[in-house]
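Let's take a walk through this structure together.

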2 protein chains.
Amino acid sequence: MPELRKDPIVGRWVIISTDRAKRPTDFTREDMKMRGGFCPFCPGNENKTPPEIQAYRPANGGPPPQKDTPGWSVRVVPNKFPALGIEGTLDRQADGMFDRMNGVGAHEVIIETPDHNTSLATLPAKKIEDILWAYRDRILDLKKDRRFKYILIFKNHGEPAGASLEHAHSQLIALPIVPIYVSEEITGAKQYFLYKERCVFCDVIRQETDAGIRVVAENADFLTIAPYAPRFPFETWILPKRHESAFEHSSTQMFESLAVALKTLVTKADRVLDNPPYNLVIHTSPVQESTNDHYHWHIEFMPKLTKTAGFEWGTGFYINPTPPEEAARFLREASVEETESATAR
Amino acid sequence: MPELRKDPIVGRWVIISTDRAKRPTDFTREDMKMRGGFCPFCPGNENKTPPEIQAYRPANGGPPPQKDTPGWSVRVVPNKFPALGIEGTLDRQADGMFDRMNGVGAHEVIIETPDHNTSLATLPAKKIEDILWAYRDRILDLKKDRRFKYILIFKNHGEPAGASLEHAHSQLIALPIVPIYVSEEITGAKQYFLYKERCVFCDVIRQETDAGIRVVAENADFLTIAPYAPRFPFETWILPKRHESAFEHSSTQMFESLAVALKTLVTKADRVLDNPPYNLVIHTSPVQESTNDHYHWHIEFMPKLTKTAGFEWGTGFYINPTPPEEAARFLREASVEETESATAR
């Protein structure tokens, strides 16, 4: 069973893998190669993943489709090498002056498409909607488990961004704690709300819409911007224009618009930055306070363009060589013919 | 002039380079090659760096040595591509709802040795002491400048850790703000002190000394440990055993011991992890409150063993595949013949 341990100084929890501990020789210095040839996420290889938790299969009027067989459009399976164990109790306890609990949680993989050779940029917006629905379905299901305080959805695209398999997929981790960046955002947003009685993200949306210089794209429901103080070159956020504290509360129309906003952003990034590796994270409210006035869910998109990030880990101090106004201009001006009509609705 | 900008939600300041803005095509995807052949840090090439700020040259009884000539053992120069500008005022101001100030600060390079082919692991401990004295001298000098709130010393070793030149060097950045990780540590340490009336780091030192399982090395003045909740495999901290809030307050004897502790740790890491790239950061108190009871300066050493760090940026959530007890055992058991006698004093 992995362990969750808390740093006694800053209060940050980390997962310590105790089962498959890495010894010094397990760290290879070369790039991990994408496993060529065999892909466990491709249709026909369903028995190479743990049994599916959920899958969307088009109804075809015949008998109900069998689990773990081809024919799905989106498929959710447990991670074969989970960072957390799904069974057991948290068993919070002291370890001298330190604090620990069992590494209880869920770690799932959302296989975004049966087609090995496609990506968010090339999938039709309608298919991306299905992925968003799968996120929502899994969140609603896992919310029932009272052990979990936070459900994190993220995507690593490309090997330099941490993807170990090439086939388009995202991941979900359900946690007994709130990750520290999200909890810092919530604390900051609460303080702002206390002072101003307004959501700080709503204020950002208003100001950025007026200023325009950091706007990347916009549709009826979502605003895509380069944030004012980004840590990384071409860091981009997608925010719902109307206040909404939790991703999973989104309406059907919202998911339609978000699919278009996502596809637009990734397509633009592919054009401007030549198919960059990237990380994408959904920041949403913790499950136990998913309806509130101070926090505003959003997506953070971070292309991995620089390699020199070691120092930043020691300081939290970032030097960004690309002003967000420049990044936004490049992304804004990049054409996305296919999605243009949908964006302009 | 670079800009410092504050994220309105979490309050993190970042440096935005406005002068030499990176355009999309400036991000090359391949590894930066260490510039072979010519080295601006080698003796004889002193005119290839900005004029030296400080250098240690052995007194030889002759006329005083000339600046920017060979014969130095440690040499400090301004960074040729500084992240911050040394001239001007902060000019803090609002930018709509946002906050910005001029990117005023110092960015210096400490060239650790004239010998291109050496490193902290191979330098004699006596030479490492000189490097520590150079850090101290620069801190004391820059503390006089009231614009600076924090003086950060760090070292990137190896290209994957962000070093762009191979010749052993460290860097110093003087900042008008306190980097967020340090300020979080200070906040946490203050809260602990308020509750316990003891320094949390002193408590950690006591508990780790008693437990022993996370101890890597120890000498008269310093304890080297794998922290209880490390973010990275083989992350290691060096802490002064007696409470001291600021690095630059260290005595001559402390610097002697620290040089040995540093050399021991880097030598052990080289043995166990096959000369890993690493980052090393000195966490010390802000200049304006450098004497206090709650904060305890220390060094954080982070080998860069895993490449998959993109996701962590979006969440602050870390999965560490090596329990610190295992990491400590490997490092503790690694022999360091040359420094052994000095360590055991």
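We'll say that two residues are in contact if their C-beta atoms, placed from the backbone, lie within 7 Å. With that in hand, look at where the chains meet: 72 residues of chain B are in contact with 72 residues of chain A. On the chain B side, the largest share, seven residues, comes from helix 2 (residues 180–196) of chain B. Helices (H or I, at least four residues) and strands (E, at least two) are DSSP runs, numbered from the N terminus. The chain B side that touches chain A splits into 42 nonpolar, 17 polar and 13 charged residues. Here Ala, Val, Leu, Ile, Met, Phe, Trp, Tyr, Cys and Pro count as nonpolar, Asp, Glu, Lys and Arg as charged, and the others, Gly among them, as polar.

Before going on, a word about what you're seeing. This is a predicted model, where local features need pLDDT of at least 70 and side-chain atom pairs count only at pLDDT 80 or more, while totals for chains, interfaces and linings use all residues. Residues are numbered from 1 along each chain as its sequence is written, and chains are lettered from A and ligands numbered from 1 in the order in which they are written.

Now for a sheet. Strands of a sheet pair through backbone hydrogen bonds, either parallel or antiparallel. We call two strands paired if DSSP finds at least two bridges between them. In this model, five strands make an open sheet in the order 15(A)-2(B)-1(B)-6(B)-5(B), with mixed pairing. Its edge strands, each pairing on one side only, are strand 15 of chain A and strand 5 (93–95) of chain B. How do strand 15 of chain A and strand 2 of chain B run? Strand 15 (residues 318–320) of chain A and strand 2 (residues 13–16) of chain B are parallel, joined by three bridges. Along that pairing, Ile319(A) sits opposite Ile15(B), and Asn320(A) sits opposite Ile16(B).

Next, stay in chain B and find helix 4 (residues 252–273). Helix 4 of chain B has 22 residues and reaches 31 Å from its first C-alpha to its last, close to the 32 Å expected at 1.5 Å a residue; the expected span is 1.5 Å times one less than the number of residues. This helix is mostly covered, with 17 of its 22 residues buried. A residue is buried if 20 or more other C-beta atoms lie within 10 Å of its own, exposed if 12 or fewer, and partly exposed in between, with C-beta atoms placed from the backbone. Just after helix 4 of chain B, Asp274(B) takes a positive phi of about 60°.

Finally, hop over to chain A and look for Arg100(A), which lies in strand 6 (residues 98–102). Is Arg100(A) buried or partly exposed? Arg100(A) is partly exposed, because 19 other C-beta atoms lie within 10 Å. Setting aside neighbours within four places in sequence, Arg100(A) is in contact with Glu3(A), Leu4(A), Arg5(A), Gln93(A) and Asp95(A). Take Glu3(A): Arg100(A) and Glu3(A) are 97 residues apart along the chain, yet their C-alpha atoms are separated by 6.9 Å.

Definitions and conventions: Axes are lines fitted to C-alpha atoms, for helices over the stretch in contact, and angles run from 0 to 180 degrees between N-to-C directions.
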